[in-house]
Amino acid sequence: MSRMFRSPWLEVNIMLVVLIISFAGMYLVGRGLETPPGGMSGTAIFAWLLGFFLLSFGIALVAVIGGIGGGVLFTPFMLAFTSVDSLIVRATGLIVAMFSGLVSTGPFMRGGLANLRICVFCAAAYGIGAFSGAQGAIFVAQNLGEAGEGFVRLALGLILLSLAIYFIVGGKKIEWPEVKHVDKFTKWLKMSQPYYEVSVKRVIDYPLTRAGWVLIAIIGVGLLSGFFGLGAGWAIVPAQNVIMAVPLKVAAANSGVLLGMGDCIGVWPYLLMGAIIPVFAAPWLVGQVLGGLLGALILIKVKAGFVRYLLIGFMFFACFGLLTKGLKLLGVMGEVPMWLNGLVFLTICIIVTVLIVRYIKAEARLGGE
Amino acid sequence: MSAGTRPIMQLSQRVYGEIVYWGTILAAIICMIGPFISMKNPDKNVMNPFYLFAAIFEGKDTATIWQEVAGGFPGGHFYLDKFFYGDGFTQFGLAMGCSVAAWALIPAAFIYLFKEKNPTYTILCLWVTLLIILSMVGIVSSH
């Protein structure tokens with residue numbers, strides 16, 4: 001039997017067929033629809049839906065190659081460069097983050113790279129944080145009006161700035177953390193689970209420690225994720241790795257599973273108050289699932305470290321947009337002129353290009369040695 | 001088990017992974033079909049699709065959008081009454097995907113209890129499931 005008819009290609013192919021039929025149908029139906037006065041034409045609705053899907057699909061593919069979560073790209077971009085209400089953006093951002101995590105859950109669980117015990121343990125705390133964060137976001141949106149919108153963009157801009165710097169510096173991460181002392185609580189939880197490490201072709205067992213402390217950190221991470229509608233893999237991975245001594249690869253796999261599980265708690269306050277608008281959110285969801293699966297199947301072996309520079313450049317530009325928009329909404333400054341936006345964009349493009357050229361040269365040198 | 005033999009993953013872990021994976025794919029397929037139904041029958045929608053995107057891109061808040069395009073927000077579980085509506089069906093797909101972890105954690109909890117004899121994780125699985133269900137039904141809410 002051809003591999004195209006076996007999992008995971010089978011489900012990918014089924015989804016592709018349904019998607020193509022659905023979009024072809026929408027296009028044909030949209031062309032024949034009569035536009036009501038003041039309404040949008042059927043073709044324009046089709047174009048928006050297709051555009052959202054393609055953008056989400058692209059974000060998912062780039063996220064797989066660059067190792068940066070989709071939510072971190074979606075939410076700042078939408079908040080910085082569109083006028084869509086921040087609550088709708090953050091709610092849809094949570095959908096983007098959680099579905100890229102959910103679709104990666106199956107393969108990670110099957111292969112044993114992720115550890116369900118660690119994930120459930122952390123989700124017990126993460127869920128409380130994410131739920132409280134979502135409630136806080138709704139409170140701010142309902143009570144603080146335009147100032148709240150400004151505050152959210154400003155705060156997200158600052159987070160994104162520190163995140164971009166963190167991605168450049170690399171942070172303190174250890175591939176195989178050394179554990180000198182296992183505390184009683186962690187020992188009692190029996191969380192470690194051996195897995196087969198492909199790179200060294202042997203089974204790895206890993207002791208863990210400080211499980212109690214990780215709970216506090218994870219509640220904070222959940223709060224951030226729920227409030228800003230960001231995936232929080234960038235915080236979950238170091239929290240597990242540095243505090244609990246989870247090996248880096250396992251921590252990264254766990255973070256996807258944990259986001260999918262924990263955001264099932266954080267997303268419902270948004271759904272129950274109407275911040276997730278079904279026809280708007282659906283193409284984003286589909287793009288993440290299909291892009292995440294295809295990306296993992298086709299692109300995971302593509303060595304394209306330079307994509308990371310592109311993403312970091314994008315984060316700096318989104319950060320500029322968020323900070324200026326936030327300050328404008330708070331009445332601190334006026335509209336940023338087009339030429340200044342262009343100048344910032346051009347400067348970032350030049351820096352990113354220089355970094356990519358240097359990276360490619362360094363790779364070529366290493367390959368030649 | 002030698003260092004070179006791949007360990008077999010625990011049943012609880014495999015069951016959780018499979019349910020979440022297939023549930024997510026089903027939710028995605030529903031969300032592919034839903035918008036088509038919306039456009040095929042524009043009158044069979046809670047939110048009028050002709051006015052929806054304009055309202056979103058004008059930067060209106062959620063309450064205003066629902067009021068203008070649907071005559072008010074019918075509640076997060078409106079798909080129960082409007083299952084065959086375009087946006088009702090899409091909302092069902094979203095709700096299914098957003099609760100898939102709960103449906104996967106319940107069998108995992110029972111496997112931890114009866115097969116793997118590890119009640120600590122049964123309690124943790126049920127705790128997370130409870131949080132999802134409480135969040136779903138909207139019992140715990142600050143507003």
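This is a predicted model: local features need pLDDT of at least 70, side-chain atom pairs count only at pLDDT 80 or more; totals for chains, interfaces and linings use all residues.

**Start of chain A**

Next, select A:Ser7 and A:Pro8. The peptide bond from A:Ser7 to A:Pro8 is cis, and its omega is near 5 degrees. A:Pro8 belongs to the segment before helix 1 of chain A.

**A helix pair in chain A**

Select residues 233–243 of chain A, which form helix 9, and then residues 248–266, which form helix 10. The axes of these two helices come within 9 Å and cross at roughly 130 degrees. That angle makes helix 9 of chain A oblique to helix 10 of chain A. The crossing of helix 9 of chain A and helix 10 of chain A is right-handed.

Now show side chains. From helix 9 of chain A, the contact uses A:Gly233, A:Ile236, A:Val237, A:Gln240 and A:Asn241. Helix 10 of chain A answers with residues including A:Leu248, A:Ala251, A:Asn254 and A:Leu258. Coloured by class, this contact between helix 9 and helix 10 of chain A has 7 nonpolar, 5 polar and no charged residues.

**A helix pair in chain B**

Move to chain B and pick helix 4 (residues 86–115) and helix 5 (residues 119–137). How do these two helices of chain B lie, roughly parallel or roughly antiparallel? Their axes come within 8 Å and cross at roughly 160 degrees. An angle over 145 degrees counts as roughly antiparallel, and helix 4 and helix 5 of chain B are therefore roughly antiparallel to each other. The crossing of helix 4 and helix 5 of chain B is left-handed.

Among the contact residues of helix 4 of chain B are B:Ser99, B:Trp103, B:Ile106 and B:Tyr112. On helix 5 of chain B, look for B:Pro119, B:Tyr121, B:Cys125 and B:Met136, among others. By class, the contact of helix 4 with helix 5 of chain B has 16 nonpolar, 3 polar and no charged residues.

**The cavity**

The structure holds 1 cavity of 30 Å³ or more. The largest cavity has about 70 Å³ of space. To find its lining, select residues from both chains, including A:Leu19, A:Phe23, A:Phe53, A:Pro283, B:Cys31 and B:Met32. Helix 1 of chain A gives the most to the lining of this cavity, with 4 residues. The lining of the largest cavity has 11 nonpolar, 1 polar and no charged residues.

**The second largest pocket**

For the last stop, select A:Thr82, A:Ser83, A:Arg153, A:Lys325 and A:Leu329. Of the 27 residues lining the second largest pocket, these five are the closest to its centre. About 660 Å³ of space lies in this pocket.

Which helix supplies the largest share of the lining of the second largest pocket? Helix 13 of chain A does, with 5 residues. Helices that each supply at least two lining residues include helix 6 (145–169) of chain A and helix 3 (62–70) of chain B. The lining of the second largest pocket divides into 10 nonpolar, 9 polar and 8 charged residues.

Note on methods. Residues are numbered from 1 along each chain as its sequence is written. Chains are lettered from A and ligands numbered from 1 in the order in which they are written. Side-chain values use heavy atoms; hydrogens and water are left out. Axes are lines fitted to C-alpha atoms, for helices over the stretch in contact, and angles run from 0 to 180 degrees between N-to-C directions. Angles under 35 degrees count as roughly parallel, over 145 as roughly antiparallel, 65 to 115 as roughly perpendicular and the rest as oblique. A crossing is left-handed if the near helix is turned anticlockwise from the far one by less than a right angle, and right-handed if clockwise. Contact means heavy atoms within 4.5 Å. Ala, Val, Leu, Ile, Met, Phe, Trp, Tyr, Cys and Pro count as nonpolar, Asp, Glu, Lys and Arg as charged, and the others, Gly among them, as polar. On a 1 Å grid over the protein atoms alone, a cavity is a set of points where a 1.4 Å probe fits but cannot get out, and a pocket is an open set with protein on both sides within 12 Å along at least five of seven lines; lining residues have an atom within 4 Å of a point. Grid points are joined across faces, edges and corners, and a volume is the space filled by probe spheres set on the points.
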